[in-house]
Amino acid sequence: MATQTNLAINPRRLWETIHDTARFGATAKGGLRRLAASAEDKQVRDWFRAACEAAGCTVTVDRVGNMFALYPGRRPDLKPIAVGSHLDTQPTGGKFDGILGVLAGLEVIRTFAEMGYQTSAPIMVINWTNEEGSRFPPAMQCSGVYAGALDLEAALATPDHDGVTLGEALEAIGYVGTEPVRPDRFQALFELHIEQGPILEAEGVTIGAVQGVQGIRWHEVTLRGQDAHTGATPMAMRRDALCGMAAMVCALQDIGRRHAPGVASVGMVENRPNSRNVVPGEVFFTADIRHPEEAVLDAMEAEFLAALARAAGENGLDVEQRRNWHSPAIAFDPVLIECVRRGAERAGYVPRDILSGAGHDAAYLAPLVPTAMIFVPCEGGISHNEIETATLEDCGAGTQVLLNAILEYDARLG
Ligand SMILES: [Zn+2]
């Protein structure tokens, strides 16, 4: 009989599973293109369902395609402890973002099955639909629907670039499940993920105990001035929208720098008419502002809006602006963070407290059930890129800590 102290995951098996499943949507440059509800997504979903069933799980799918693999516990009266992430990727994504969290869950189940071990609570491994949001915006869509933060019908009606809706795409691959979307399937959630930033690698730390996810606010702005001849229009008589936008690039950089660890960026710019001898009459740009505290985020956003009014005034521009997305700052559950910390220490690691710079499915779940995340380093801090990579040792370490954290939490259930 396995005891809690000899439950060691198999890092080599995990590594081979990650690379084996990377054939579904493999790109020439060694990355993945596995857009939500695509043919490649179907392939990996079918594989995942079969692998979970082979390990002793029952797999159910809800109406937005979220997959729940349930491994029985000793006490069926307890709600499951969930682990999960996502198997979809960016159009030129990597083999680890999201995938590690799902396949680590499978590795935990395989370890339990192989050792004949059962936790008190059942274990649930989840594959959330459309975390990336690159085919169907927004990101973290179907964990958001699960948590009640996003509307089910609106999500299913979201069109991709070709006008195919998420609902139609899921139907086409056979993943509109029969199960209703309901937010009471599990009592706690751990998500293992690559850091997607450079901190752990730079400090030589293997395990990040994630304290929370910073709040995110997105704005879309159109500045309107006047198209005019660059040679014939005196400087004093111009209404140059690009000059206004340029001031905003600097203003956002300044706002980010003054509110560390906050960040602020212009990510997308459309300059119109974008001709070399026309003073630009219209510019569209996006702003992305993040901070772990809502109050500071409020202040950063207020400074952004003040700078926008100033830039428009100085350049004689009209402003059209709207906040098109926000994700509140999230603090993870202290008890689950403690489970991660102890789990890491038991595996021989000194974990580092860290905040998540990126959004994650876990952020939507945190207001609903106790939630925490574990980070492992990725090379150069790079993700959303075909060259994204992590080591066998670090993936194995994160998965062992995930298993240990589950045991820590389970032990508290009695
Ligand atoms: Zn991810």
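**Reading a predicted model, feature by feature**

Me: Leaving aside its neighbours within four places in sequence, which residues is Asp-410 in contact with?

Reply: Two residues are in contact if their C-beta atoms, placed from the backbone, lie within 7 Å. Once the neighbours within four places in sequence are set aside, Asp-410 is in contact with Ile-81, Thr-119, Ser-120 and Ala-121. Residues are numbered from 1 along each chain as its sequence is written. Please bear in mind that this is a predicted model, in which local features need pLDDT of at least 70 and side-chain atom pairs count only at pLDDT 80 or more, while totals for chains, interfaces and linings use all residues.

Me: Where is Asp-410 found, and is Asp-410 buried or exposed?

Reply: Asp-410 is found in helix H12 (helices, H or I with at least four residues, and strands, E with at least two, are DSSP runs numbered from the N terminus). Asp-410 is buried, because 22 other C-beta atoms lie within 10 Å (20 or more make a residue buried, 12 or fewer exposed, and counts in between partly exposed).

Me: At what angle do helix H3 and helix H12 pack?

Reply: Axes are lines fitted to C-alpha atoms, for helices over the stretch in contact, and angles run from 0 to 180 degrees between N-to-C directions. Helix H3, residues 99-115, packs against helix H12, residues 392-413, at an angle of about 60°, and their axes are 10 Å apart. H3 and H12 are therefore oblique to each other (under 35 degrees is roughly parallel, over 145 roughly antiparallel, 65 to 115 roughly perpendicular, and the rest oblique). On the H3 side, Leu-100, Ala-104, Glu-107, Val-108 and Thr-111 take part, and they meet residues of H12 including Cys-395, Leu-402 and Ile-406. The residues of this contact of H3 with H12 divide into seven nonpolar, three polar and one charged (Ala, Val, Leu, Ile, Met, Phe, Trp, Tyr, Cys and Pro count as nonpolar, Asp, Glu, Lys and Arg as charged, and the others, Gly among them, as polar).

Me: Which peptide bonds are cis?

Reply: One of them runs from Pro-137 to Pro-138, with omega near 0°, and Pro-138 has its place in the loop between strand E4 (123-127) and helix H4 (141-146). Another cis peptide bond joins Arg-272 and Pro-273, where omega is about 5°, and Pro-273 is found in the loop between strand E9 (263-272) and strand E10 (278-279).

Me: What phi does Asn-274 have, and what phi does Ala-37 have?

Reply: Although Asn-274 is not a glycine, its phi is positive, at about 60°. Asn-274 is found in the loop between E9 and E10, and Asn-274 is exposed, because 12 other C-beta atoms lie within 10 Å. Ala-37, which is not a glycine either, has a positive phi of about 60° and lies in the loop between H1 and helix H2 (39-54). Ala-37 is buried, with 28 other C-beta atoms within 10 Å.
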